[in-house]
Amino acid sequence: MRILEIREQSVSLQSNIRNSVVDFSQMTCSVIAIITDVIREGKPVIGYGFNSIGRYAVSSTLRDRLIPRIMQADPESILDSSGKNLDPFKIWDIMMKNEKQGGNGDRAHAVGAVDMAVWDTVAKIEGVPLWKLLSDRFNHGQYDDQVFTYAAGGYYYPGKGLESLKYEVKSYLDRGYTAVKIKIGGATLDEDVKRIEAVMEVMGSGNNVAVDANGRFDLEKALAYGKAISPYNLMWYEEAGDPHDYQLHATLSEHYTGPMATGENLFSLQEARNLIRYGGMRPDRDFLQFDCGLGYGLVEYLRILNMLEMHGWSRRRCIPHGGHQMCLNIAAGLQIGGNECYPDVFKPIGGLADHIPVDNGYILLPDIPGVGFEAKNDVYTVLKQVGSQ
C-alpha cells in the first residue's frame, strides 16, 4: 500500500467565548487528510486528523517539514511487517527526524494531527473501530463498552449572568450528563464563587462540578481560590497555575486537599514525567489530562501511560482534554478514566458522534472502522472537503 497524498487545511473554530486567558473568536486548527491507494467499498481509504482544540493551526510546520518528510521517505519504510498497512511508530520517527529535543510547542500539535490521521487510516484498513484495534494491540483484548464523559462549558460570554449559566448547566443534565466543568479566573474571586454556587444549585452538590482556571493564577491567587472552594468538595480544581510551574502545583497540593487536575498543556513524555516527579500530583485523587491531539499523538500517549504505570498511577486517573472522538477511542480501548466533551462549543470539531446519546454520564462509541469521524456529520463534512480537494 502507498500514501498518495497528505493534505492540510486551516479550519476556523470561531466562537464568541473566553476563558480566563484566551478569547476564542480567532481560534483555528489544522485538519489533515491522508489519502491512500487502498480501496474499501469501491473508494480509497482516507484517514483524518486534527490538532485538537485550544491551540492554533500549525500549517507551516506541517507543510514545510512533517508532511514532506513522510512523502519523501522510502514507501516501504512506513509500513508494518505485513507490508499492507501503515506503522504509526515508524511514521512518528520519520516526522521527528532532524528535530531537537525540547521546545514542545506547535511542533507537538503538528505531529499530533498527523498521528491522529495515521491511526484513523490504520484502523480503517484493518476494518475495525480504533478502540477495538487499541484494545487488541495494547490492552490484551480488554475494553470499556461505555465511557464516562463530562460536559465542559461554563465559559464567559458577553452579558451572560448567573441565570444563563444555570440554564446552560441544566441543559447538560437534560442531555444525560451527570458532571460538568466551568471556567474560573476570568472574574473576581467573589464573582467566581457565586458562579460555582449557582452551578452547584443545579447539580445538587459539588462533587460532580469541576472548575478550570486555565493556568491563570500565581501561587498566592491559586491558594486563595483553593481556600475559598475547599468547602464545596468539587470534582476537581484544574490547572490553577502555569502548567510548567511544578513547584506551584506541588505547594498547592500541600494546602488543597481536594482533587486537582492538569496536563492538557504538557505535550511530551518528558514534560509528563516532570509533572509526576515534581508537581505534587497525588495518584489516589488527582487527574491527568494529556491530550494526544496536542501532544505528539497516540504514539507518545502510549509512552506516557507506560511511564505513569511505572510511577504507580492507574490509567483510570487519566481523563484527556479535547472533547473529541480520538480521545474517546483511547478511553474505551485502553480503559482510561473517561473523556471530556464540548456539547455546545468549538464547532465543528468539538463534540462526539451524532445520534448516540449520553446515558447517565456514559456514552457508547460508533461501531464503524477508524476513529469514527463519519458518525459526526458536521466534523465529517469539513474533513471530507479537505480529503476531496
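Student: In which loop does glutamate 239 lie?

Tutor: Glutamate 239 lies in the loop between S7 and H8, where helices (H or I, at least four residues) and strands (E, at least two) are DSSP runs numbered from the N terminus. The model is a predicted one, in which local features need pLDDT of at least 70 and side-chain atom pairs count only at pLDDT 80 or more, while totals for chains, interfaces and linings use all residues. Residues are numbered from 1 along each chain as its sequence is written, and side-chain values use heavy atoms, with hydrogens and water left out.

Student: How do you know whether glutamate 239 counts as buried or exposed?

Tutor: Its relative accessibility is 1%, and the classes are buried for under 20% relative accessible area, exposed for over 50%, and partly exposed in between (1.4 Å probe, protein chains only). Glutamate 239 therefore counts as buried.

Student: What is the phi of glutamate 239?

Tutor: Glutamate 239 has a positive phi of about 45°, although it is not a glycine. Most residues other than glycine have a negative phi. Tyrosine 296, also not a glycine, has a positive phi of about 65°; it sits in the loop between strand S9 (287-288) and helix H10 (297-310), and its relative accessible area of 2% makes it buried.

Student: Which residues does asparagine 214 touch, and what makes a touch count?

Tutor: A contact means heavy atoms within 4.5 Å. Leaving out residues up to four places away in sequence, asparagine 214 touches Asn19, Ser20, Val21, Lys183, Glu238 and Glu239. Asparagine 214 is in the loop between S6 and H7, and because its relative accessibility is 15%, it counts as buried.

Student: What makes the span of helix H6 close to the expected one?

Tutor: The expected span of a helix is 1.5 Å times one less than its number of residues. Helix H6 (residues 189-203) has 15 residues and reaches 21 Å from its first C-alpha to its last, close to the 21 Å expected. The buried residues of H6 include Asp192, Val193, Arg195 and Ile196. They pack against helix H5 (162-174), strand S5 (180-183), strand S6 (209-212) and helix H7 (219-229).

Student: Why is helix H8 called mostly covered?

Tutor: Seven of the 10 residues of H8 (residues 246-255) are buried, namely Tyr246, Leu248, His249, Ala250, Thr251, Leu252 and Ser253. Their cover includes H7, strand S7 (236-238), strand S8 (260-262) and helix H9 (269-278).

Student: How many residues has the largest nonpolar core, and what makes a set of residues a core?

Tutor: A nonpolar core is a set of buried Ala, Val, Leu, Ile, Met, Phe, Trp, Tyr and Cys residues joined through side-chain atoms within 4.5 Å. The largest such core has 139 residues, and those with the most contacts inside it are Tyr237 and Leu308. Helix H3 (residues 106-126) gives the most to this core, with 12 residues.

Student: How do you know whether the chain agrees with a compact globule?

Tutor: The radius of gyration is taken over C-alpha atoms, and the globule rule is 2.2 Å times the number of residues to the power 0.38. With 389 residues, a compact globule would have a radius near 21 Å; the chain has 20 Å, which agrees. Along its principal axes the C-alpha trace spans about 60 × 40 × 40 Å, and 62% of the residues count as buried. Among contacts between residues at least 6 apart in sequence, 72% join residues at least 24 apart.

Student: Why is lysine 132 called partly exposed?

Tutor: Lysine 132, in helix H4 (residues 130-138), has a relative accessible area of 30% and is therefore partly exposed.
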